[in-house]
Amino acid sequence: MGADQQPRLFVQSLIHFSSFFIKGHTIMWRIIGSAGRDLCDSGLGVTRRDVLRVGASGLFGLSLTNLLRLQQAQANDGSGSPGWNRAKRMILVYLQGGPSHLDLWDPKENVPDKVKSVFKPIATKLPGVQFTENLPKLSLVNDRFTMIRSMSYTPNGLFNHTAAIYQMMTGYTTDKVSPSGQLEPPSPKDFPNFGSNIIRLRPVDEPMLPFVMLPRPLQESNVVGKGGSAGFLGKEYDPYTLFPEGDDLDMNKMDRINVSDLQLRPEVFSVRLQRRAALRDLINKQMPTINAAVENQQLDEYFSQALSLVVSGKAREAFDLSQESEVLRDAYGRNTFGQSCLLARRLVEAGTRVVEVVWPKIANSDNHSWDHHVDLSKRMKNQSGPMLDAGLATLIEDLDQRGLLEDTLVVAVGEFGRSPERGVSTSGNGNSDDGRDHWPYCYTSVIAGAGIKRGYVHGTSDKTASAPVDNPVHPSQLLATIYHAFGIDPETIVYNHLNQPRELVKAQAVTELFA
């Protein structure tokens, strides 16, 4: 056999024999083909059909030790690229409902009246970059963040809020979409929220809640929480949810935060609780059979984490907004969104890895919802616009002044933008002359901190903000960028509920966003 034939025959053997079982360990070998064949967006990362996975246990005599070394080396693949492992924590400001980019941070001049925003354009810190009059405070701090004006994706079929939210939060779409574009309720089979993946791969090393979601769940109509759980990773990676009592119009609900589950009962002192833990450990030592039965459940680890949280009181103190000055609380905005942004800063400062601030209104609703099918000019000017402007601008400035923006990633994004032309239907919904419909083909997101460029605009929309002219960024690429910032390879393999290998996300990081 010629030397030039040996590699070809070896690869053919791998294809014919998809798995070897030696020593009971598995290595994932991947031969990658062209990108995105099964997606509407052809420019995206590898597909499942493009990936040849061969289980080769102990191949070439690899021991478990060597296997782990290989996995560690693979995890450091991106170490030489910009932004790698710069983030220690992150805050997602999730603008569920889909805000209009044309009426906030990408206004257009010299366009038809049906396209042009009813709001006046204003100058910003960056020459030639305009916002609308709805964002006067953000216009003074946009030299501290990057704007992506070329967020874009092509939906596969009718794609309303829940399907788009699920994609934004997990990086995946689902086959089960109803005629209205909504999804089925949350399921343990769902792909994990990106925050769950992060805290699993980058666990916190202090007694603090690793992942917090507030002040309300993700929601469209009666579908609540889709895309907001750990899914097939298991409930141990679910976020701690802080949803104060009161409806979405109750702007004072953050003053009634209840974290009683993080508080010791008066009759149980810290010392007594720790003694009980010691007694539990002693009993466990005498019960090897039971210990073996629950070994894979990591009960000791979870118990210890919960005990540390309660005894230390650190998490409970972080939720106490009364420790902040009245002036700063006013600056954030005395409303649910503003106080949620302030609480997010307190949480990451105390050691929380991921905080997701969900816009405090059901995605498809009225008043301060971003779903402006009607009454856009009134609702955005008097309700949603001022709340976003004060809360997000103060959050970025506050983090920067405290030195936290250096290693805290901040992302503000919705599930899509709004239609360039007012009064037209793109999603099956009715729209008034003062309303815009869903538009995933072009919209804007904001990203700051953890090595992200300051005062940078990535991508350009066309003259009507209908489509990117250059540098389109898919939601999965934004997620890949988040993973990259945490030093996590976006193509890291996780196993679903059927023990099938899946990438965290099928996309690559947009490293041009980093300085």
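A charge sits over a ring if NZ of Lys or CZ of Arg is within 6 Å of the ring centre and within 35 degrees of the ring normal. Select Lys453 and Tyr456 to see a case: the charged end of Lys453 sits over the Tyr456 ring, 4.4 Å from its centre.

The model is predicted, so local features need pLDDT of at least 70 and side-chain atom pairs count only at pLDDT 80 or more, while totals for chains, interfaces and linings use all residues. Residues are numbered from 1 along each chain as its sequence is written, and side-chain values use heavy atoms, with hydrogens and water left out.

Next, the aromatic pairs. Searching the whole structure gives 7 of them. Rings of Phe, Tyr and Trp (its six-membered ring) pair if their centres lie within 6.5 Å; planes under 30 degrees apart count as stacked, over 60 as edge-to-face and the rest as tilted.

Select Tyr240 and Phe319. Their ring centres are 6.0 Å apart and their planes are at 40°, so this pair is tilted. Tyr240 is in strand β11 (residues 240-241) and Phe319 in the loop between α8 (314-318) and α9 (326-332), 79 residues apart. Helices (H or I, at least four residues) and strands (E, at least two) are DSSP runs, numbered from the N terminus. Tyr240 has 16% relative accessibility and therefore counts as buried (under 20% relative accessible area, 1.4 Å probe, protein chains only). Phe319, at 4%, is buried too.

Move to Phe337 and Trp359, a tilted pair with 4.6 Å between centres and 45° between planes. Phe337 lies in helix α10 (residues 336-350), and Trp359 in the loop between β12 (354-358) and α11 (376-401). Both Phe337 and Trp359 are buried.

Last, select Tyr172, Phe191 and Phe232, which ring pairs link into a cluster.

Notes
Buried means under 20% relative accessible area, exposed over 50%, partly exposed in between (1.4 Å probe, protein chains only).
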